[in-house]
Amino acid sequence: MKNINKFTIELGSTLGEAITKIKLNRVRTVLVVQESKLIGVLSEGDLLKAFINGANTKNLINQFINIEFSYLEEKNIKIASEVVSKNNINLLPVVNSEMELQEVITIYDVFDEYLNFDL
């Protein structure tokens, strides 16, 4: 299992911290958690919109996150592939019934499964 910490950021973090996480994880998105529960996502597009509207790196992510997002309740690469393709996303969280993050599936995981592509 991969280290999911590089894909998560706590609610109350800054836009600058989100940028750092996105650069680290290479999937253009971070998952926003609060008290171990997944509550939203923040993408590069969300960050760009924030900056266009006058935000800076010290602003909190709270007002910029998307609370409507795709997720799975069990790891299934075939379903993940369909969700990733349909929704044009690079990161798909796997959560339990309490919305606690269990794992993440990245677009690279889908590539590895279907294209035997090693990065």
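Visitor: What should I know about the model before starting?

Guide: It is predicted, so local features need pLDDT of at least 70 and side-chain atom pairs count only at pLDDT 80 or more, while totals for chains, interfaces and linings use all residues. Residues are numbered from 1 along each chain as its sequence is written, and side-chain values use heavy atoms, leaving out hydrogens and water.

Visitor: How many salt bridges does a search of the whole structure find?

Guide: A salt bridge is a side-chain nitrogen of Lys or Arg within 4 Å of a carboxyl oxygen of Asp or Glu. The search finds four. One of them joins Arg 28 to Glu 44, with the closest N and O atoms 2.7 Å apart. Arg 28 sits in the loop between helix H1 (15-25) and strand E2 (29-34) and Glu 44 in helix H2 (residues 44-52), so the pair ties together parts 16 residues apart in sequence.

Visitor: And which side chain does Lys 78 meet in a salt bridge?

Guide: Lys 78 meets Glu 82, at 3.8 Å from N to O. The two are four residues apart in helix H3, about one helical turn.

Visitor: How do I read a helix pair?

Guide: Two packed helices are described by the angle between their axes and the distance between the axes. Here the axes of H3 (residues 77-87) and H4 come within 10 Å and cross at roughly 125°. The two helices are therefore oblique to each other; angles under 35 degrees count as roughly parallel, over 145 as roughly antiparallel, 65 to 115 as roughly perpendicular and the rest as oblique.

Terms used
Axes are lines fitted to C-alpha atoms, for helices over the stretch in contact, and angles run from 0 to 180 degrees between N-to-C directions.
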